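Hello,

Here is the structure you will be working with.

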Amino acid sequence: MNPVQACCLPLLFSFATTLSAQEQRRLEFRLTGAENDTVYLANYYGNRLFYTDTAMANAKGEVVFAREKGYKAGVYAVVVDGPKYFEFIVNEPTVRLETKTSDLMGAMVVQKSDENTLFFDYIRFLNARKKEGDSLRTVMDRITDPIAKGPAKARLEQLDGEVKKYQADLVTAHPQSLVTIIVRMSMPVELEKPRLANGKVDSVAAYYQYRAHFWDHVDLSDERILNMPVFQNKFEEYIGTVVPQIPDTINALADDLVGKLGPSKELFRFVVHGITYKYETSDIMGMDAVFVHMAQTYYCPKAGAESKAFWMSAEKLDKLCERARKNAPIIIGARAQEIILTDTTETNWISSHKLPNDYLLVVFWDPHCGHCKKELPAIYSAYRDTLRPMGIEVMAVAKATDSTLFKDWKAFIRENHLDWVNVGLTPAVYAEAKADPLKYIPKLTTLQSLNYADTWDVYATPKFFLLGPDRKIVGKQLNPKQVADLVERLRERSAAPKP
């Protein structure tokens, strides 16, 4: 993928910011091989590069970037024809670099910039150690004798020590440098590992220790880290790998991370939006609970209060909060709303919460939905052969609000021998409830049952929910095999002795 994205930032991030006097900078380059060419300047936002400025090199390959609105501190890139680019540091009033397009890094000379002297020295040091390390690993791969691998392995450990010493010395000697901030973020936090009574490492305690100290080398109040790719890389590692992918745990640790942020609105926006978007768009079952938590905590204001999501328009905020409102009652772990509807007789009312089975698969479908008519017979076969013998019931909720739907609903049940629990919103009930809902509510059913499509957010069919013994939602959009496997695991867990 092209490392430089030829576009502006997404709409959520586009708004005017106040220019600091420190952002008035002059970036000068002499690029042999780029004479009279267009040269691009790109800046990092998170771990992505975005074009930010353009200039023409003169006949000597000299090019200057010095726009009126300035440049924020961070990691930038100069992009030349190819495209080829080199990264550098912006944190001083003037930066002056010289190189050749034929060897951008190898020919690099820093004419003026203490930051970039440190930066390029560090990059060259790492590249040299990496080159030697790669050669040693190639040698080790060819050797089968463990003893013969010893010298190469020892040198690799020595190289690792040299890198750590270089980093530590750099941090000590230049504590205020932007390069130091970047290097320190990439350094692991060295801690003595907790041990069990037998002297072995306590892996569980070590994990919690690692998680608790994950951000020790990051100044979460320094807004400049947004313009360094290492920060977003660490952020994504933390949210996607370090944090267990369990909604309640994600929610707690997301709040903890937001609480560590300083006063920077930009950092707040980056972290809150990043977490919200990740789980709003997740295909993993149950992660909508994280989206709902983030929306209700940071986006959707309580009555009389303002939203913390200052970057969103009122229209987009309303849509997001409405989506969160609809999703909140149907997240994993929420107690399901009771469904009370009639069977095909339109007189026999059946409640989801009064069925005797401990596990209940609720299937919402439409007799005129082609996908539903294809899937339901297959689901019934699995119900007959596997789910029903396991004591799992199916409650199929059909849209049958007019005479044609009602007739086709009954015909489909007969033709496919669907002898599970069939209920629907039937023509008589639908018409009479519209005229006088008190005829049915609360004597026979509930408003949530009659409005089940809104209650359960049934915007498309078929839609599946697995309810547990307490009628809490334990699974969504599962196929029959997944239902059987999940129920088996949940029953084993509930039967296991409590610690």
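In the hairpin of E15 and E16, 5 residues lie between the strands, and Arg471 takes a positive phi near 60°. Keep in mind that this is a predicted model. Strand E15 covers residues 463–467 and strand E16 covers residues 473–476; the two pair in the antiparallel sense over 3 bridges. Across this pairing, Leu467 stands opposite Ile473 in E16.

Elsewhere there is an open sheet of 4 strands, with the order E5-E2-E8-E9 and mixed pairing. Its edge strands are E5 (62–65) and E9 (109–112), each of which pairs on one side only. On average, neighbouring strands of this sheet are turned by 20° against each other, direction ignored. Strand E8 (residues 94–100) and E9 run antiparallel and are joined by 3 bridges. If you want a spot to look at there, Arg96 stands opposite Lys112 in E9.

Next, the nonpolar cores. The largest one has 90 residues, and the members that touch the most others are Phe29, Phe88, Phe231 and Tyr299. Helix H8 (residues 288–299) gives this core its largest share, 8 residues. Apart from this core lies another, of 30 residues, among them Tyr359, Leu466, Leu478 and Leu486.

What does Tyr299 touch, not counting residues up to four places away in sequence? Its contacts include Val272, His273, Thr276, Met294, Trp311, Met312, Leu317 and Leu320.

Cys300 and Cys321 form it, with their sulfur atoms 2.2 Å apart. The link is left-handed, with -110° about the S-S bond. Cys300 lies in the loop between H8 and helix H9 (314–327), whereas Cys321 lies in helix H9, so the pair ties together parts that are 21 residues apart in sequence. Are these two cysteines buried or exposed? Both Cys300 and Cys321 are buried.

Cys369 has a relative accessible area of 13%, so Cys369 is buried. Cys372 is at 0% relative accessibility and therefore counts as buried.

Regards

Methods:
Residues numbered from 1 in each chain as written. Predicted model: local features only at pLDDT ≥ 70, side-chain atom pairs only at ≥ 80, totals over all residues. Heavy atoms only, no water. Core = buried A, V, L, I, M, F, W, Y, C linked by side-chain atoms within 4.5 Å. Buried < 20%, exposed > 50% of the residue type's maximum accessible area, 1.4 Å probe, protein only. Contact = heavy atoms within 4.5 Å. Disulfide = S-S within 2.5 Å. Pairing = 2+ DSSP bridges. Axes fitted to C-alpha atoms, helices over the stretch in contact; angles between N-to-C directions.
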